[in-house]
Every structure is written in C-alpha cells, then in structure tokens.
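The following briefing concerns a structural model and is arranged by topic. Please consult the sequence and coordinates shown below while reading.

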Amino acid sequence: MNAYQQAQPQRDEAYNFAYLDEQTKRMIRRGLLKAVAIPGYQVPFGGREMPLPYGWGTGGMQVTAAILGAEDVLKVIDQGADDTTNAVSIRRFFARTAGVATTERTPEATVIQTRHRIPETPLHADQILVYQVPIPEPLRFIEPSETETRTMHALDDYGVMHVKLYEDIATFGHIATSYAYPVMVDERYVMDPSPIPKFDNPKLDMSPALMLFGAGREKRLYAVPPFTRVVSLDFEDHPFQIQHWEQSCAICGSEHSFLDELILDDSGTQSFVCSDTDYCAQRVLEQQGQQQETGQ
Amino acid sequence: MYVAVKGGEQAIDNAHSLLAQKRRGDTSISELTVEQIRQQLPLAVARVMTEGSLYDEQLAALAIKQAAGDMIEAIFLLRAYRTTLPRFSASVPIDTSDMQLNRRLSATFKDLPGGQLLGPTFDYTHRLLDFSLLADGQYPGPQPQAEATLEPCPRVLGLLAKEGLIKNEADNAEAVPDITRDPVEYPASRAQRLQALARGDEGFLLALSYSTQRGYGRNHPFAGEIRIGEVEVWIEPEELGFPIAIGGIEVTECEMINQFVGSGSEPAQFTRGYGLAFGHAERKAMAMALVDRSLRAEEFNEDIQSPAQQEEFVLAHCDNVEAAGFVSHLKLPHYVDFQSELELIRKLRASTHQEAKP
C-alpha cells in the first residue's frame, strides 16, 4: 500500500458483499464463463436493476460485483480519468458495499472498471479490465432488429459491416468511425469494443489481461480472453490507422498518449492534455525524480 | 488547468446537500409526511407501484417524497429496492372475477349483470380549478347506504366467450417467465410482453395506443370492461400443499374487445387486448390493453407496418427507467469520444480543402 492506494474502507454491512446477492453473482459468473469460452460472443444475462441509472455503468458494475474479492484492489476510470464524477461515484459505491481497497495507479489495480478508455500503461496478466458498454451490438446501427443481428452473427454474415465501411470511404475518403470501431475477435465474431477511441483498439490484441464487457440495459456480457487475436476491420488499400496529434501533452509532454482538447479562452486557444490522468501524473513524477537526480 | 475534472468528490457531496434542500423547500412550511402522500396522492402512488413492479403503498409514497415528486425517479428508487428482495414464492394467479369492485364499466353493453358502477373517477368532473382547495377545503364525503349490496358481476368478455363470439384465452400451462430475472429474447411470449407492458411507461404506452386509434395499426377497439377493486392474493407454499390468502391488493383491469378475425375454416370472432395495473390506474390499463392487442398482429396474421405492432420496438423502448438512464447518460463526460470525432472531422475537412485547392 502506498499514497495512491486508499486505506481499506469500512464495508456497509447492510448490503451483501459488493451489493449483489450471491445467487445473482453466480448467474453473472456463469455468463462470464460462457463469454470467455466463446470470445466476442454476446451472452444474454439476467441483468439486475442497480442503484445507479442505466447508461451510467450498470453493466460494468454488475461484472465488477461478480468478480470482486475482498483482496482485490479496484481502480475506476471514466474517459481515462480517475477523478471524473461518475468514476468517483462508482469507486465509492464499491468502497462502501465491498470495502475493497481502491487505487488510482494502473499497475497496482487487480480490477479496473473503465468507461471509454484502455489505460496507456500496459496491463499485465494479473489484471482484469471491465468495460461499461452502452450498445453491445456492433451491427445495431445498420440493422435495428435484435432477431436479425443475432442471426447475422450466427451465420458469420458480416457483409453489411464491410459495405458500411466501404460507403464511408466512398463518401468521405476515410472510414468515418473514430470510436466504438468494430473488431473481429478470434477470427469469428465481430465485436463492439465499447466506445473506446480507435486509438485504443490495438491494445485489445493479444492483451495479457482478461477483458470483460458488461451491458446492463441491453443485458449482455462478452469477453476477450488473454492473448486473443483482435483485429480492427479494414481494407487492404485502406488499412486501419489510429489517431495522432501534432501537439503533445501540456502537462507531461507525452507524444504517445490519447490527448483531450481544452479550450482556454474566448478566442478558442487550445491546449492538449493526456486523457489518462494516472499515466500523466506518473510521467510528471518520473520527470521530477530525474530533475532531482541531475540537480544533485 | 485540471479544474474541469478535479474535485469530483466534493462536488458530489455538495450536489447531494443542495438536492436535499431543494426537496425540503421552505423549512417554515411543515414537512410532508409519507403517510400524507400515501393517503392524498393515491394515483401517484399507484403509478409508482405499477411501473416499479412492487405493491407497497408506503414505500412508493416514500419514493415519491424522496424523488421530490419526480415520478420516474420514484419508480427507479422502488425498482432498485425491489431487486434486493428475496423471492419466497410465486402467487396463485389473482382472480379478478371475484374482485371487490369500486368501479366497473362496460362501453359495449348498456346494461349487464351486476350493472355499471361509476365509482371514484375524474370522468364527469368539469376541469375547473377548485379554489376552495386553496383554503382548507371542506370534505363532504360520500353517504354510503348501509343496506346496499353488490350483485355478482361476471366478466363481460366471459359472457361473450360463452357464445363463442370472442377468441378464447386458455392457460397454456407453461411456466411464467420473469423478465426481471431472465432477459427478454425476441420473439417474446405473450406473458413476457404483458410483463414488459405492465412495467412500461404510461406516457409511452398512451402515445402508442393513441397511434393505433389514428390509423397506425388500427384494430377497432371497444372498452369491453374496466374494473377496479380489491383482489385477494393467494400463495401455495410447497410444505402446505394448499393455498392460503396473504392479503389484498387494489388493481385496475381492462379488457378491450377488438376487431374480429376469421377465415374460410374458422368462424369470425372478436379478439381481445389485456391490461392490468396496481391501484387505481385506468389510463395505464387501457393503453396497455390496446398495445397488447396491437402486438398480437402476428398471431392473427395481420400486416405489421406500424410502430405499435412491432414487438422489438415497443418492448425495447417502453421501460422508462432504462430510457431515462440512457438519455441522461449523455450528461456524462464524452471528452474522449468527442475528441475522436473532432480529430476525424478536421482530417476530413483538411482533405476536402486540399482537393479543392489545385
């Protein structure tokens, strides 16, 4: 334990460990096992009403509740940051109902619940990344009917997705999807990686950490097991590319991280900072350490 | 520079105490009690119980108080509490024929066994603001006749069914699925559909049912019977082997009589739509019955063209707790997604610019 880790909070005994009852957690774990066994396949599960609103991470919270143990160290991020209000709210929820230690340091966490980002610091094999998923179905905006999309997955019929990407190129000259960019998992299922920027897509491929996805409102679970091939859909003549910035982070100077844009004044002066707050803070600490060393 | 995202914890605590103040209002005015809400806003309580899927007047009233009168928020509070409750038994189906009626009407027959019973209704009130309620209004109350009795009131649609004029609804003896435990998969069974509609948002169902009346999936409805009253709830514990009554609940039931179907081999028959809600909730029960019938389009080989006939469209969007959550999540930060879109749109514009130049 260090300064970044918060002391073991007191668990609220009025609720079962991590809020959900044991039967429900068992049901979710069964669903997760199936999801891990069939990478990228959407498993329906009996999603429960959580005391937070649908769309605010109830799917991710149910997954976290189902896998959390008393010894786990939990990190929660929203848009890459530990201190956005919803991340704070979810972290507090588990600190209260499970009494687990929480951290902001990526390498120290055993379970990381995330909304819309994969941390910049590479994950390791003892970590599980839990994604909050709004719309689990990658084909939903092409085909609104669930009956149809389930059939398309079953038949490995993803022609419409390629047509959509092709139409983007024909219309705009580029594939006009910048987040929630569809991926092919283990050469079988097309999967929505949740609304992470496509910048993060390469981190899914052959990740040593287990990736679990929970969609509460839509009542679906899916998973990418460790060391699974995850390929972003593209064409030979229009290969998948990630975003890059001409600027670097105004705080830590990083040129390799996903940057958020800030507008500083009325005339629209921009500044860019890392979206991953922990990554940024660690780099600043490192730089200060180096300065002190050179100063001596 | 980090002002925008730092300080979340303190902001949340402050927001909570401001909300508490907003809910309480002027502290020189005495605080509303839960019992007052339960007694004096019974229709609000009924809606929260119905869409919250939990029959508990006191908790529904508490939810309304805590939600400062925001009904969808109150429904959400009650649902979130309901999830934590253990299930110890499923009840025997309630028998609405045996209801202790306080309102009953049929728009299809002028008179019928048991008669029509207007009961407490806004129907024939003139919607004129009653300024006497601004002051401490007098409460005249009804003058019940001690010797009055209620005749047996057989169900109107049952009378039609005896003659074979309406399609018979038989128990298919299958186990009733619970959509709050197992997710709805499409196509859904009628039992799942009715559960989803019973929990569904009154406003959404009202609008959909209205759309069927205006030609988007018309099915020629008549209000066959609406009955409101108290029914007993029975359970049959395994260890006992016989059913026992555990209490009474107030429900509103609506059975719609709809356009007939038939074919060369089958004689023409009316069809029905069914609505049921907790408490006095007539508008909800009627809207539910209309939408139930329009969702039976496939069963009766009708063309499916309108929103109210499309099962996935209706069931996936009728839940106001889900809908409110997902719409409100747009308030959460989307810096990352938006940044991705910004980067893309700048790139697209830059390439159009370059192409336009030479």
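In which sense do β1(B) and strand β2 of chain B pair, and over how many bridges? The two strands, the latter spanning residues 222–235, run antiparallel and share five bridges. This is a predicted model, in which local features require pLDDT of at least 70 and side-chain atom pairs count only at pLDDT 80 or more, whereas totals for chains, interfaces and linings use all residues. Residues are numbered from 1 along each chain as its sequence is written, and chains are lettered from A, with ligands numbered from 1, in the order in which they are written.

**Confidence**
- For the complex, the predictor reports an ipTM of 0.85 and a pTM of 0.90.
- The average pLDDT of chain B (the predictor's confidence in each residue, from 0 to 100) is 91, and 97% of its residues score at least 70.
- Over residues 1–5 of chain B, pLDDT remains under 50; for this segment the model has six contacts beyond four places in sequence (a contact requires C-beta atoms, placed from the backbone, within 7 Å).

**Four-stranded sheet of chain B**
- Strands here are DSSP runs of E with at least two residues, helices are runs of H or I with at least four, and both are numbered from the N terminus.
- The order β1-β2-β3-β4 (chain B) describes an open sheet of four strands with antiparallel pairing, where two strands pair if DSSP finds at least two bridges between them.
- Its edge strands are β1 (100–105) and β4 (269–278) of chain B, each of which pairs on one side only.
- From one strand to the next, the twist averages 25°.
- Helix α9 (residues 282–294) of chain B packs on this sheet and touches β2, β3 (244–261) and β4 of chain B. The direction of α9 makes about 140° with that of β4(B), with axes fitted to C-alpha atoms (for helices over the stretch in contact) and angles between N-to-C directions running from 0 to 180 degrees.

- Strand β7 (residues 183–185) of chain A is joined to β8(A) by three bridges; Val183(A) has Met191(A) in β8(A) as its bridge partner.

**Domains of chain A**
- Chain A comprises domain 1 (5–139 + 175–232) and domain 2 (244–296), with bounds taken from an automatic or database domain assignment.
- The C-alpha centres of domain 1 and domain 2 of chain A are 27 Å apart.
- Contacts between them involve 14 residues of domain 1 of chain A and seven residues of domain 2 of chain A.

**Interface between chains A and B**
- Contacts link 46 residues of chain A with 38 residues of chain B.
- On the chain A side, α3 (85–97), α4 and β12 (259–263) each supply at least two residues, and α3(A) provides the largest share, four residues.
- This side of chain A divides into 18 nonpolar, 17 polar and 11 charged residues. Ala, Val, Leu, Ile, Met, Phe, Trp, Tyr, Cys and Pro count as nonpolar, Asp, Glu, Lys and Arg as charged, and the others, Gly among them, as polar.

Methods:
Two residues are in contact if their C-beta atoms, placed from the backbone, lie within 7 Å.
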